[in-house]
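I opened this entry to keep track of what I looked up, one place after another.

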Amino acid sequence: MIEVSKFRKIYSGTVAVEQVDFLVQPGEILGLIGPNGAGKTTTLRSLCGLTVPTEGTLSICGFDIEKQPLEVKKRIAYIPDDPPLFPELTVEQHLAFTASVFSVANAKDKASELLETFELTSRRTTRASDLSRGMRQKLAICCSYLHAPEVILLDEPMTGLDPHGIRKLKESLQQRAAQGTSVIVSSHLLAMVEDICSTVLILKEGQQRFFGSIAELKSLFTANCDEATLEQIFFQATETEFRQSVSAEETKLASL
Ligand SMILES: Nc1ncnc2c1ncn2[C@@H]1O[C@H](COP(=O)(O)OP(=O)(O)OP(=O)(O)O)[C@@H](O)[C@H]1O
């Protein structure tokens, strides 16, 4: 479970995120979308404690990110768009290191299975510095899955992946969500978001434009939900003055 309330982030005068509120239940995959500079990475980094929020409350599985960072780190996996690996460590050394940090049981079997799924078995002894961009991404995904996190945050995860890798990543996220994991995927690939996400959060220039189900978003813009794609609606939601209206009750709650 991921809960974000009244989140705001200002970097030395630049407002990156302004008053964002959303919830990702266990088993849900949230698509985090918005134009460049919308605040997507800032939101993900704040959720895993790499960026300190200016205001608001962010929690993972009921643990406050600022007050209980260790409890949060045990339960979370964050895959940034350019994962920081150790250049001198091999593929299997990365997995062994990750397993020891998180005290993973049966780590060797789990690591072998993940390497097989993401087609890295033949690269077990290759150093990270000698992997291709897509292979580094696949290794980061394998490492992040090893401790069976309850929350997975991914920033542009498809970048560099081949079609097999994209399919395996999508399937693995859906499988993990089906087992109760909460997932956030930040991406500009709207067809992929529409394919695997149950809910979306649209940001623009740090402002929350919409949070809710894709069906709900479509119903705001079109009479026939089946005909409009998320891509078509994205432009209407971000290139107009559209703001999701909130009910009178929510407005009252927000003002308390
Ligand atoms: N470390 C930082 N210091 C100052 N400003 C920052 C910093 N990181 C991000 N910003 C600013 O915060 C805003 C949001 O940036 P962020 O990286 O969160 O956007 P994004 O939605 O992930 O964009 P993109 O789609 O281009 O990756 C931008 O105006 C950016 O310039």
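Where is the place of Asp81? I found Asp81 in the loop between β6 (76–79) and α3, where helices (H or I, at least four residues) and strands (E, at least two) are DSSP runs numbered from the N terminus. I noted that this is a predicted model, in which local features need pLDDT of at least 70 and side-chain atom pairs count only at pLDDT 80 or more, while totals for chains, interfaces and linings use all residues. Residues are numbered from 1 along each chain as its sequence is written.

I then looked up the surroundings of Asp81. Asp81 counts as partly exposed because it has 17 C-beta neighbours inside 10 Å; a residue is buried if 20 or more other C-beta atoms, placed from the backbone, lie within 10 Å of its own, exposed if 12 or fewer, and partly exposed in between. Leaving out residues up to four places away in sequence, Asp81 touches Asp155, Glu156 and Thr159, contact being C-beta atoms, placed from the backbone, within 7 Å. Asp81 and Ser186 lie 105 residues apart in sequence, yet their C-alpha atoms are 9.5 Å apart in space.

Next I turned to helix α4 (residues 107–117), where Ala111, Leu114 and Leu115 are buried. These residues lie on the same side of α4 because they cover an arc of only 100° around the axis, the arc being that of the directions from the helix axis to the C-beta atoms. The buried residues of α4 pack against α3 (91–101) and α5, whereas the face turned away from the buried side carries the exposed residues Asp109 and Glu116. After α4 comes Glu119, with a positive phi near 55°.

I also checked the largest nonpolar core, which has 62 residues; such a core is a set of buried Ala, Val, Leu, Ile, Met, Phe, Trp, Tyr and Cys residues joined through C-beta atoms within 7 Å. Leu30, Cys142, Leu153, Ile184 and Val200 touch the most other members, and helix α5 (residues 133–145) gives the most to this core, with seven residues. Apart from neighbours within four places in sequence, Ile184 is in contact with Ile2, Val24, Leu30, Leu32, Leu44 and Leu153.

Last, I looked at helix α8 (residues 214–221) and helix α9 (residues 230–239), whose axes come within 10 Å and cross at roughly 65°; axes are lines fitted to C-alpha atoms, for helices over the stretch in contact, and angles run from 0 to 180 degrees between N-to-C directions. Ile214, Leu217, Lys218 and Phe221 of α8 make the contact with Leu230, Ile233 and Gln236 of α9.

Terms used: Two residues are in contact if their C-beta atoms, placed from the backbone, lie within 7 Å.
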